[in-house]
Amino acid sequence: MQQSNGYVIGFAVAMTIILGGVLSFTAVSLNEKQKEEIALDTKKQIMLSVLPEMSESPKSEIAQVYDNRIQVVGINGEAIDAAVLQKLDISKEWKKLKKGQDAILPIYKFMSKDGKSVDSYILPMYGYGLWNDIWGYFALNSDLQTVRGVVFSHKGETPGLGARIGDKEVQDRYIGKKIFNGGKLTPIFMVKGEGHADLPNYEVDGLSGATLTANGLNEMVDRYLKEYKPFLEKGASAVSMAQ
């Protein structure tokens, strides 16, 4: 039986609405899932700067340790509102810094198991390598002078060359280095070339064939340690006086 034009149009409209609703619901669900995965991956990177032995642990387990032992404050020691923290995007804050604008500079305090003292301070960083964005988490011991560990990552550096900033072997070169030299803040510098021995406490061995990526990494570390300078100097001074 031939259907009227009105029926056909009505059916088409109904199907469009139904399918549109299904697609919209699916898109929202996927977007929320992606946000959850990004949040979990961020927590993992933060935690690996202080607990590298958890590299093979499930993200859910790492997130649990994060929730139990991480406290987040601003550069002046003030608490950061949970709603602000949830929406915080370090890449956007980095762009503000480049423009000379005020930006949120969070400090992740890794607390002792009993929650009574700070084991480490973790500083997020963002920058640009040879081809694209690079970022990292720079962990300092409670003395705010000695590097406990770092995690660096990238969006598109050259495999086998600049991409090696993501390798544990390269990141381990920073462990034990000092960010103060003679009482002066001295951001750790990755030297040009590779295979150097007996480097001072504020230098690490470089990357063969990846000078521009190393330059970007140095610029990132230098910028952020200087941005955090008021907190670092005040905290290091307090620790020194307590000793």
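Gly-235 is placed in helix H7, helices (H or I, at least four residues) and strands (E, at least two) being DSSP runs numbered from the N terminus. The description rests on a predicted model, in which local features need pLDDT of at least 70 and side-chain atom pairs count only at pLDDT 80 or more, whereas totals for chains, interfaces and linings use all residues. Residues are numbered from 1 along each chain as its sequence is written, and side-chain values use heavy atoms, with hydrogens and water left out. With a relative accessibility of 17%, Gly-235 counts as buried, a term that means under 20% relative accessible area, with exposed meaning over 50% and partly exposed what lies in between (1.4 Å probe, protein chains only). The C-alpha atoms of Gly-235 and Leu-144 are 6.6 Å apart in space, although the two residues are 91 residues apart in sequence.

Rings of Phe, Tyr and Trp (its six-membered ring) are taken to pair if their centres lie within 6.5 Å, and planes under 30 degrees apart count as stacked, over 60 as edge-to-face and the rest as tilted. By this rule the count comes to five aromatic pairs. One of them, formed by Trp-94 and Tyr-126, is tilted, with 5.2 Å from centre to centre and 45° between the planes. This pair links distant parts of the chain, since Trp-94 lies in helix H4 and Tyr-126 in strand S3 (residues 118-128), 32 residues apart. Trp-94 is buried at a relative accessible area of 6%, and Tyr-126 is buried at 11%. The rings of Tyr-121 and Phe-231 have centres 5.6 Å apart and planes at 70°, so this pair is edge-to-face. Because Tyr-121 lies in strand S3 and Phe-231 in helix H7 (residues 229-242), the pair ties together parts that are 110 residues apart in sequence. Both Tyr-121 and Phe-231 are buried. Trp-94 and Tyr-126 also belong, with Trp-135, to one aromatic cluster.

Lys-98 lies in helix H4 (residues 90-98) and is partly exposed, with a relative accessible area of 48%. On the surface, Lys-92, Lys-95, Lys-98, Lys-99 and Lys-155 gather in a patch of positive charge, where patches are made of residues with over 30% relative accessible area and no salt bridge, like charges being joined within 9 Å and nonpolar side chains (Val, Leu, Ile, Met, Phe, Trp, Tyr) within 5 Å. A salt bridge is a side-chain nitrogen of Lys or Arg within 4 Å of a carboxyl oxygen of Asp or Glu.

Terms used:
Accessible areas come from the Shrake-Rupley method with a 1.4 Å probe; for residues, only the protein chains shown count as cover. Lys and Arg count as positive and Asp and Glu as negative; His and the chain ends are not counted. The place of a charge is taken as NZ of Lys, CZ of Arg, CG of Asp or CD of Glu.
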